[in-house]
Amino acid sequence: MAARAHVLADCRAAAADSPGVFSLQVPTGGGKTLASLAFALRHAVTHGLERVIIAIPYTSIVEQTADVLGGVFGAGNVVEHHSQADGADKDETAHSRLACENWDAPLIVTTNVQLFESLFAARTSRCRKLHRVQNSVIVLDEAQTLPPPFLQPTLDALRLLVTHYG
């Protein structure tokens, strides 16, 4: 418990640092997800950024995280975007569909696949949300799950985004 509190306090303190690329290495069960969210929210507020994009490797965790954040911040402030959310849904509205296509919300919870397809795809539908990545905090939860051949291009893209697009 004390270790988690220490990780959280360190992340909150680091949020005041200038925007850049940050890394958080904590053992399993150390509170990384909540600490990184606390960092991201405080960093966004401190630096006047428009949204937080949380990229997670597993759809089930995306759904769980989006539900929790929707309960805290209001469902209208959270967009859950993954392959299973792209299909027709009985609760979908024109506004929710557009918000998902454009990532038009303060909190975006998505999969790594959706984020990287948005960054690297050559299809208009995938690139439609690129302007929403500007002036955002991007959190790669469980970054160690990224395939090693994609690590360098991913880091290069993130550094480019930080340097040129806030």
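**Figure 1. Lining of the largest pocket in the predicted model**. The lining residues divide into 23 nonpolar, nine polar and four charged (Ala, Val, Leu, Ile, Met, Phe, Trp, Tyr, Cys and Pro count as nonpolar, Asp, Glu, Lys and Arg as charged, the others, Gly among them, as polar). The pocket volume is about 990 Å³. A pocket is an open set of points on a 1 Å grid over the protein atoms alone, where a 1.4 Å probe fits, with protein on both sides within 12 Å along at least five of seven lines; lining residues have an atom within 4 Å of a point. Volume is the space filled by probe spheres set on the points, which are joined across faces, edges and corners. Of the 36 lining residues, Phe22, Ser23, Leu24, Ile138 and Leu140 are the closest to the centre. The largest share, seven residues, comes from α8.

**Figure 2. The second largest pocket**. Its volume is about 650 Å³. Gly31, Lys32, Thr33, Leu34 and Ala35 are the closest to the centre among 26 lining residues. Here α3 gives the largest share of the lining, seven residues.

**Figure 3. Contacts of valine 109**. Leaving aside neighbours within four places in sequence, valine 109 is in contact (heavy atoms within 4.5 Å) with residues including Ile54, Val62, Leu69, Val78 and His81.

Residues are numbered from 1 along each chain as its sequence is written. In this predicted model, local features need pLDDT of at least 70 and side-chain atom pairs count only at pLDDT 80 or more, while totals for chains, interfaces and linings use all residues; side-chain values use heavy atoms, with hydrogens and water left out.

Conventions. Helix = DSSP H or I, 4+ residues; strand = E, 2+ residues; numbered from the N terminus.
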